[in-house]
Each structure stands twice: as structure tokens, then as C-alpha cells.
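Here is a short report on charged side-chain contacts and strand packing. Please keep the sequence and the model in view while reading.

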Amino acid sequence: MTTRQVRKRCEALVSALDLPSPFSIDALVHQLSVQRGRPIHIHTVPIGSAISACGLWIATSTHDTIYVEEKTTRFHQEHIILHEVAHILWDHRFSDQESLGALTTLLPSISPDLIKRLLTRTNYTTGQEQEAELVASLIHATARTRAPSPSTGVRGVLEAALGIRG
Ligand SMILES: [Zn+2]
């Protein structure tokens with residue numbers, strides 16, 4: 001697939017999303033949980049160098065959990081969450097032995113056998129990473145244009161001047 005085709009696929013996916021307004025990561029995650037009928041839990045953990053990513057999505061039969069590096073800025077955390085949400089939306093799957101070992105260290109409360117069952121046999125491909133990254137950026141950009149703060153900024157002033165808002 002060419003970069004342009006990937007972009008088109010990603011744009012189509014994001015434009016089909018009914019992004020919450022006003023937009024927030026929490027609202028988006030809540031909305032997706034309801035739509036999918038599967039709760040999405042977000043946990044911040046000190047991932048460090050345990051895996052070669054800042055975030056991780058684990059799917060069980062009943063729910064999805066996104067693990068986010070805790071030692072980073074809020075802005076970066078939100079981007080990581082969007083990135084992992086994008087993997088969920090694309091239904092990307094991820095696994096390899098190295099990650100399995102890292103996960104076992106990271107999440108000692110979960111048995112290695114269970115983790116193994118949670119993960120499928122393929123790694124994320126570069127293409128999947130591209131799709132996730134692009135969708136994360138597009139959601140962010142779309143959210144910014146669709147959900148201006150109602151009471152501030154030029155639009156608020158205009159609305160007040162036009163008598164739309166008191
Ligand atoms: Zn990724």
C-alpha cells in the first residue's frame with residue numbers, strides 16, 4: 001500500500017468516528033467502551049525500557065486494557081492512549097517472545113500462560129504502526145477543529161455579539 005492509500009484509509013476511519021464534543025481522551029475512551037460493549041481500562045505504569053514502546057494494549061475476552069508510561073507528560077500520555085486506541089480501532093494484534101518476557105515482568109499479577117493466550121502470533125508491522133500513529137494524529141487534529149471551547153476565543157465573542165450566547 002502506498003503512503004497515500006494508508007492516509008486515505010486512516011482518514012476514512014477517523015471521519016467515521018463520532019468524536020465526543022467537547023473532546024477529551026476520557027470521553028472518547030468511555031464512548032468506545034460503550035460502542036464496543038467492552039470496557040477499556042487505562043493504567044499508567046512505569047514501563048521504562050521493558051518494551052520498545054511507550055504504551056501497550058492487551059485484550060482479554062471481556063475487556064481491553066491500555067498501559068501507558070507513567071513517567072512522561074500528560075500530553076505525551078494522551079498521544080500514547082490515542083495511538084493504542086488506534087490499534088484497537090484497527091484491531092491490530094501484537095506479540096513476540098521478547099514482549100512476552102517483558103510483560104511477565106511488568107505485570108507479575110498476570111500469569112505468563114494467560115498473557116500468552118492474550119497475545120496472538122504476529123508482531124505489529126511497520127504498516128500497522130504507521131496506521132496507528134496516523135490515526136492518533138488525525139483524531140487529535142479532528143478533535144481540535146470540531147470542539148472549540150464554547151465560551152472562549154473568537155467564536156465565543158462572535159456568538160455573544162450575534163446574540164447567540166448571552
Ligand atoms: Zn503502536
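The model is predicted: local features need pLDDT of at least 70, side-chain atom pairs count only at pLDDT 80 or more, and totals for chains, interfaces and linings use all residues. Residues are numbered from 1 along each chain as its sequence is written, and side-chain values use heavy atoms, with hydrogens and water left out.

**Salt bridges**

A search of the whole structure finds 5 salt bridges. The term means a side-chain nitrogen of Lys or Arg within 4 Å of a carboxyl oxygen of Asp or Glu. The table lists pairs from among them.

| Pair | N to O distance |
|---|---|
| Arg7 and Glu11 | 3.1 Å |
| Asp64 and Arg36 | 2.7 Å |
| Arg74 and Glu78 | 3.2 Å |

Helices (H or I, at least four residues) and strands (E, at least two) are DSSP runs, numbered from the N terminus. Arg7 and Glu11 sit in helix H1 (residues 3–16), 4 residues apart, about one turn of the helix. Arg74 and Glu78 are also 4 residues apart, in helix H3 (residues 74–90), so about one helical turn separates them.

Accessibility is classed by relative accessible area: buried is under 20%, exposed over 50%, partly exposed in between (1.4 Å probe, protein chains only). Arg7 is partly exposed at 38%. Glu11 is partly exposed at 37%. Arg74 is exposed at 55%, while Glu78 is partly exposed at 22%.

Asp64 forms a salt bridge with Arg36. This pair links distant parts of the chain: Asp64 lies in strand S3 (residues 64–69) and Arg36 in helix H2 (residues 25–36), 28 residues apart. Asp64 is buried, at 1%. Arg36 is partly exposed, at 32%. A network of salt bridges links Arg36, Arg38 and Asp64.

**Strand S3**

How many of the 6 residues of S3 are buried? The count is 6 of 6, so S3 is largely enclosed by the rest of the structure. In a regular strand, side chains alternate between the two faces of the sheet. Asp64, Ile66 and Val68 are buried on one side of S3, and Thr65, Tyr67 and Glu69 on the other.

Strands pair if DSSP finds at least two bridges between them. S3 pairs with strand S1 (residues 40–45) in the parallel sense, over 6 bridges. There, Thr44 has Val68 as its bridge partner. Strand S2 (residues 55–59) runs antiparallel to S3, joined by 5 bridges. Ala59 stands opposite Asp64. S2 and S3 form a hairpin, with 4 residues between them.
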